[in-house]
Amino acid sequence: MTNRLPAWMLRDLSLPRLRRYIRAAHGDAQAAERLYWWNVEVSSALFGSLHCLELALRNALHTALARHYGRPDWWTVAPLNDRGQRLVNDARRSCGRRLRRITPDDLVAELSFGFWVSLLSHGSGYDRHFWVPVLHAAFPHYQGRRDRLYRELTSLVLLRNRVMHHEPVHHRHLAADHDTICRVLGYLSPELAEETRTMDRFPDVLAGRADVLSGARPPRF
């Protein structure tokens, strides 16, 4: 390294975590420090739109499936594959550890973003069982193919998980990620997509990336 990170960063954030930023900064510890804090800032800026997308997606899919199967606990009769059944069972156990009575709404909220996106996959006949008869209608403003939508959402699951688990995202094509979030939100609800844009800090944070990494100014939270 051409310089040293502050001792408190090494102690509180750990060298194994910081090494990824040091490598990305080619050994320049000061640049690595700026990159770390910019990663925190841009993750925070993405959180709001990811929050809206995850809630809108799960509610749209749940509403469509509950209507199709005629019951709010549609997962008890739907042809979920083994992984889907396992995720439902895991969510039920997790709810049971803190709730005496589990409602369908409790389970819907407990199921992961990845679970909901998996319902749009082709595996185990999901295309035939879910997309064709039911779930295409959950995206009233989308006219494309299921596989394209699934690829976009799968990429966003990876982004969402990195943001929520405090992992590096600076190396991703974040402008494209942000465009995908906004686009998929628009497929579900143009009104929510527009509301999300009113509080969206991401364009400003991304615009400042070069200045932050060059050391021209500190990151702003």
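Modeller: Let us start with contact, which means heavy atoms within 4.5 Å. Leaving aside neighbours within four places in sequence, S43 is in contact with V163 and V169. Please keep in mind that this is a predicted model, where local features need pLDDT of at least 70 and side-chain atom pairs count only at pLDDT 80 or more, while totals for chains, interfaces and linings use all residues. Residues are numbered from 1 along each chain as its sequence is written, and side-chain values use heavy atoms, with hydrogens and water left out.

Colleague: Where is S43 found? And is S43 buried or exposed?

Modeller: Helices are DSSP runs of H or I with at least four residues, and strands are runs of E with at least two, numbered from the N terminus. S43 is found in helix α3. Buried means under 20% relative accessible area, exposed over 50%, and partly exposed in between, using a 1.4 Å probe and protein chains only. S43 has a relative accessible area of 9%, so S43 is buried. S43 and H166 are 8.0 Å apart in space, C-alpha to C-alpha, and 123 residues apart in sequence.

Colleague: Now the rings, please. How many aromatic pairs does the structure hold?

Modeller: Rings of Phe, Tyr and Trp (its six-membered ring) pair if their centres lie within 6.5 Å; planes under 30 degrees apart count as stacked, over 60 as edge-to-face and the rest as tilted. The structure holds 10 aromatic pairs. In one of them, the ring centres of Y21 and Y36 are 4.9 Å apart and the planes stand at 70°, so this pair is edge-to-face. Y21 lies in helix α2 (residues 15-24) and Y36 in helix α3 (residues 29-69), so the pair ties together parts that are 15 residues apart in sequence. Y21 counts as buried at 1% relative accessibility, and Y36 counts as buried at 9%. Ring pairs also link W8, Y21, Y36 and W37 into a cluster.

Colleague: At what angle do α2 and α3 pack?

Modeller: Axes are lines fitted to C-alpha atoms, for helices over the stretch in contact, and angles run from 0 to 180 degrees between N-to-C directions. Here α2 and α3 pack at about 115°, with their axes 8 Å apart. That makes α2 roughly perpendicular to α3; angles under 35 degrees count as roughly parallel, over 145 as roughly antiparallel, 65 to 115 as roughly perpendicular and the rest as oblique. The residues making the contact include Y21 of α2 and Y36 of α3.
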